[in-house]
Amino acid sequence: MYPLNNLIYIALLLFVAACGEKQDIPLIPNAIVNEQINLTNIQYNALRRDNGYVYLKSGVKGIILIHRTGDTYAAFERNCPFQPYDDCALVSMDQSGFFMSDSCCQSVFDLNGYVTGGPSPYPLRRYNTALTGNLLYITN
């Protein structure tokens, strides 16, 4: 008798947990990212200095690739996580080079991709980077 009561209690707890409030999380569409860039190429000249950046035509709406310092790079999806299906949901580097923003929704992101202002409750999607010699690999 007691094991049946325990089973009913557990089933009731699972049911209540499943019926809890669910948040609508806007999902950026998935795109396969498997890029290899040669850092000695003239089109990546901006990456030769710390905090230099370039835009790549990969990912969903493009990638912002930033050279941190030394051998450290960061790559972020340009598709803003706030209402990502809007045509204007596009993140760009600010002219100052100190942050990234989406001019459509006014969301602001630091150079680590974290939200510092605006309506986006989510950080930018970050891609993996790996440096081998002069070749930088960007993957998801």
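The model is predicted, so local features need pLDDT of at least 70 and side-chain atom pairs count only at pLDDT 80 or more, while totals for chains, interfaces and linings use all residues. Residues are numbered from 1 along each chain as its sequence is written, and side-chain values use heavy atoms, with hydrogens and water left out.

## Overall fold

Let's start with the secondary structure, which comes to one helix and ten strands. Here helices (H or I, at least four residues) and strands (E, at least two) are DSSP runs, numbered from the N terminus. Read from that end, the elements run α-β-β-β-β-β-β-β-β-β-β.

Of the 140 residues in the chain, 32% count as buried. Buried means under 20% relative accessible area, exposed means over 50%, and partly exposed is in between (1.4 Å probe, protein chains only). The chain exposes about 9000 Å², with carbon and sulfur atoms supplying 55% of it; these areas come from the Shrake-Rupley method with a 1.4 Å probe, and for residues only the protein chains shown count as cover. Among contacts (heavy atoms within 4.5 Å) with a separation of 6 or more, 44% come from residues 24 or more positions apart.

Is β4 enclosed or open to the outside? Five of its five residues are buried, so β4 is largely enclosed by the rest of the structure. Both of its faces are covered: Y73, A75 and E77 are buried on one side, and A74 and F76 on the other.

Two strands pair if DSSP finds at least two bridges between them. β4 pairs with β3 in the antiparallel sense over five bridges, and I64 has F76 as its bridge partner there. The two strands form a hairpin with five residues between them, and G70 in the turn has a positive phi of about 55 degrees. β4 also pairs in the antiparallel sense with β9 (residues 126–132), over two bridges; in that pairing F76 stands opposite R126.

Elsewhere, an open sheet of four strands has the order β5-β6-β7-β8, with antiparallel pairing. Its edge strands are β5 and β8 (115–117), each of which pairs on one side only. Two bridges join β7 to β8, and F109 has V115 in β8 as its bridge partner.

## Nonpolar cores

A nonpolar core is a set of buried Ala, Val, Leu, Ile, Met, Phe, Trp, Tyr and Cys residues joined through side-chain atoms within 4.5 Å. The largest has 14 residues, and those with the most contacts inside it are I37, L47, L56, I63, L65, L136 and I138. The elements giving two or more residues to this core are β2 (53–56), β3 (63–67), β4 and β10 (135–139). Leaving aside neighbours within four places in sequence, L56 is in contact with Y44, G62, I63, L65 and I138.

## Cysteines

With a disulfide defined as a pair of cysteine sulfur atoms within 2.5 Å, the count comes to one. C88 and C104 form it, with their sulfur atoms 1.9 Å apart. This pair links distant parts of the chain, 16 residues apart: C88 is in the loop between β4 (73–77) and β5 (91–93), and C104 is in the loop between β6 (100–102) and β7 (108–109).

What keeps C80 from a bond with C105? The sulfur of C80 is 3.9 Å from that of C105, its closest cysteine sulfur, which is too far for a bond. The accessibilities of these cysteines are tabulated here.

| Residue | Relative accessible area | Class |
|---|---|---|
| C80 | 0% | buried |
| C88 | 37% | partly exposed |
| C104 | 36% | partly exposed |
| C105 | 15% | buried |

D87 lies in the loop between β4 and β5 and is exposed, at 78% relative accessible area. D87 and C104 are 17 residues apart in sequence and 9.2 Å apart in space, C-alpha to C-alpha.

## Aromatic rings

A search of the whole structure finds one aromatic pair. The rings of Y53 and Y55 have centres 5.7 Å apart and planes at 70 degrees, so the pair is edge-to-face. Rings of Phe, Tyr and Trp (its six-membered ring) pair if their centres lie within 6.5 Å; planes under 30 degrees apart count as stacked, over 60 as edge-to-face and the rest as tilted. Y53 is partly exposed at 24% relative accessibility, and Y55 is partly exposed at 36%.
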